[in-house]
Amino acid sequence: MAKSSLGTIAAMALAGGLAAAAESTGNYATDLARVYGGYQRILALKEACDTAIPAARAVNGKAFAAWEQQHRALLQDLRQRVEAMIRAASKDKDEYVRNLGKYEGDILLQRKEYRDLLLALGADELRAQCQRVPETLKAADANLARVYAAELETLRKRK
């Protein structure tokens, strides 16, 4: 796997909205980035709400934990696939460790940028979004397997 494919993961991890999944590209790295990006956007929303509306942290945390449990197998699979791409692009264990840190750092930075965009919304708009987190996480748009079904089909063609 080329390093440019790994860059795709980091660069696309947060591009677009959660429900903005388009048709699958058929490209493994791009489709993996789309699905993993959907997960990262949900994390960014939780983090933004935890920061902006501390009073909602417990309720949203419980809803997020339930959502994460529901998607546990898929999230584990995504993490393993990202790590496998990084391993395949690395010539040895030392390079793997460096690459893992680099790309995970890139993803975290992009998630922070998305979180900061959410925090920059007007207080009323962000408060409304944060109060809807439990319902949002139960909605069809938060079901990664459903929203990204075409992309997951591409991913599952590769073991």
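Me: Going by the convention that a crossing is left-handed if the near helix is turned anticlockwise from the far one by less than a right angle, and right-handed if clockwise, which hand does the crossing of helix 4 and helix 5 have?

Reply: The crossing of helix 4 and helix 5 is right-handed, and please keep in mind that this is a predicted model. Helix 4 covers residues 72-88 and helix 5 covers residues 93-119, and the two pack at an angle of about 130° with their axes 9 Å apart.

Me: Stepping back, how many helices and strands does the protein have?

Reply: The protein has 9 helices and 0 strands, which gives the order α-α-α-α-α-α-α-α-α from the N terminus on. Of its 159 residues, 42% are buried. Among contacts with a separation of 6 or more, 74% are between residues 24 or more positions apart.

Me: What about the largest nonpolar core, which residues touch the most other members?

Reply: That core has 37 residues, and the ones touching the most other members are Leu 32, Tyr 39, Trp 67, Leu 78, Leu 137, Leu 144 and Leu 155. Two or more residues come from each of helix 2 (28-52), helix 3 (57-70), helix 4, helix 5, helix 6 (123-131), helix 7 (133-138), helix 8 (144-147) and helix 9 (149-156). Helix 2 gives the most to this core, namely 11 residues.

Me: Tyr 39 is on that list, what is it in contact with?

Reply: If its neighbours within four places in sequence are left aside, Tyr 39 is in contact with Trp 67, Glu 68, Leu 75, Arg 79 and Leu 144.

Me: How do helix 2 and helix 3 cross?

Reply: Their axes come within 9 Å and cross at roughly 165°. Since angles over 145 degrees count as roughly antiparallel, helix 2 and helix 3 are therefore roughly antiparallel to each other, and their crossing is left-handed. On the helix 2 side the contact is made by Tyr 39, Ile 42, Leu 43, Lys 46, Cys 49, Asp 50 and Thr 51, and on the helix 3 side by Arg 57, Asn 60, Gly 61, Phe 64, Trp 67 and Glu 68. These residues divide into 6 nonpolar, 3 polar and 4 charged.

Me: Last one, at what angle do helix 3 and helix 4 cross, and which residues meet?

Reply: The axes of helix 3 and helix 4 come within 4 Å and cross at roughly 70°, and the two helices are therefore roughly perpendicular to each other. Trp 67, Glu 68, Gln 69 and Gln 70 of helix 3 meet Arg 72, Leu 75 and Arg 79 of helix 4. By class, this contact of helix 3 with helix 4 has 2 nonpolar, 2 polar and 3 charged residues.

Note on methods:
Residues numbered from 1 in each chain as written. Predicted model: local features only at pLDDT ≥ 70, side-chain atom pairs only at ≥ 80, totals over all residues. Heavy atoms only, no water. Axes fitted to C-alpha atoms, helices over the stretch in contact; angles between N-to-C directions. Left-handed = near helix turned anticlockwise from the far one by under 90°. Core = buried A, V, L, I, M, F, W, Y, C linked by side-chain atoms within 4.5 Å. Buried < 20%, exposed > 50% of the residue type's maximum accessible area, 1.4 Å probe, protein only. Contact = heavy atoms within 4.5 Å. Parallel < 35°, antiparallel > 145°, perpendicular 65-115°, else oblique. Nonpolar A, V, L, I, M, F, W, Y, C, P; charged D, E, K, R; others polar.
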